[in-house]
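Trainee: I would like to learn how to read pockets and salt bridges in a protein model. Could you walk me through an example?

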Amino acid sequence: MTRILILGANGQLARNTTRVLLEQTDCELTLYLRQAKRLKNPDPKRAMIIEGDVLDAKGLQEAMQGQDAVYANVSGDMVRQARTIVAAMKSSGLHRLIFISSMGIYSEVPGEKYRSVLDPYRDSAALIEQSDLDYTILRPGWFTRAAAGPVQITQKNEPFIGHDISLDGLSGMIAKIATTPGLYSQCSLGVSDDN
């Protein structure tokens, strides 16, 4: 049974991915967020909630004990958070990280010019890529509520294809990566709906 620590567990994508993981896998989940009262435990038998800040290195390291993978869906000071996540994982001996970033961080979206708004995403992804972790960085398009369908994947040095991604499609991909050792290891993937 895979144990997954979900950082930023109250975010839209994280909540959806929690649901998908509980429905489609036998994983045990640790839901880590700043204000625990904001999240109802979706399955007390397989999920536990921990109140904590990703920037609290000691608390984060404690939450990582006994985990098999970390799925980070953070916002705010992403560079400091990425640095703290990498350090805590190394201290804990934990290697598998799935990190959500954004399309456009490598200027890979044809016809789009994203300015400084993407700097935190770009800089945090660079920190992850420089680590020796077994990471997968996902750079999704804009979220939709469309039904999950085939997903279009582009590698770091390829132009981003598409624009949108269904929440269920992206959550399904996260679940598959989290439960399949070595899948997309040390990759940064653009993700959109294949339509």
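Mentor: Happy to! Keep in mind that this is a predicted model. Let's begin with the pocket: helix 1 (12-24), strand 2 (28-33), helix 3 (78-92) and strand 7 (142-144) each give at least two residues to the lining of the largest pocket.

Trainee: How many residues line the largest pocket, and which lie nearest its centre?

Mentor: The lining has 32 residues, and those nearest the centre are Gly11, Asn73, Val74, Ser75 and Tyr121. By type, the lining divides into 17 nonpolar, twelve polar and three charged residues.

Trainee: Thanks! Now to salt bridges. What should I look for, and how many does a search of the whole structure find?

Mentor: Side chains of opposite charge can pair when their charged atoms come close. Here the search finds ten salt bridges. One of them joins the side chains of aspartate 168 and arginine 19, at 2.6 Å from N to O. Aspartate 168 sits in helix 5 (residues 167-179) and arginine 19 in helix 1, so this pair ties together parts 149 residues apart in sequence.

Trainee: Are those two partners buried or partly exposed?

Mentor: Aspartate 168 has 31% relative accessibility, so it counts as partly exposed. Arginine 19 is partly exposed too, at 32%. The band for that label lies between under 20% for buried and over 50% for exposed.

Trainee: Which salt bridge does glutamate 108 form?

Mentor: Its side chain meets that of arginine 139, at 2.6 Å from N to O. Glutamate 108 is in the loop between strand 5 and helix 4 (119-130), while arginine 139 is in strand 6, so the pair ties together parts 31 residues apart in sequence. Glutamate 108 is buried, with a relative accessible area of 6%, and arginine 139 is buried at 0%.

Conventions: Residues are numbered from 1 along each chain as its sequence is written. This is a predicted model: local features need pLDDT of at least 70, side-chain atom pairs count only at pLDDT 80 or more; totals for chains, interfaces and linings use all residues. Side-chain values use heavy atoms; hydrogens and water are left out. On a 1 Å grid over the protein atoms alone, a cavity is a set of points where a 1.4 Å probe fits but cannot get out, and a pocket is an open set with protein on both sides within 12 Å along at least five of seven lines; lining residues have an atom within 4 Å of a point. Helices (H or I, at least four residues) and strands (E, at least two) are DSSP runs, numbered from the N terminus. Ala, Val, Leu, Ile, Met, Phe, Trp, Tyr, Cys and Pro count as nonpolar, Asp, Glu, Lys and Arg as charged, and the others, Gly among them, as polar. A salt bridge is a side-chain nitrogen of Lys or Arg within 4 Å of a carboxyl oxygen of Asp or Glu. Buried means under 20% relative accessible area, exposed over 50%, partly exposed in between (1.4 Å probe, protein chains only).
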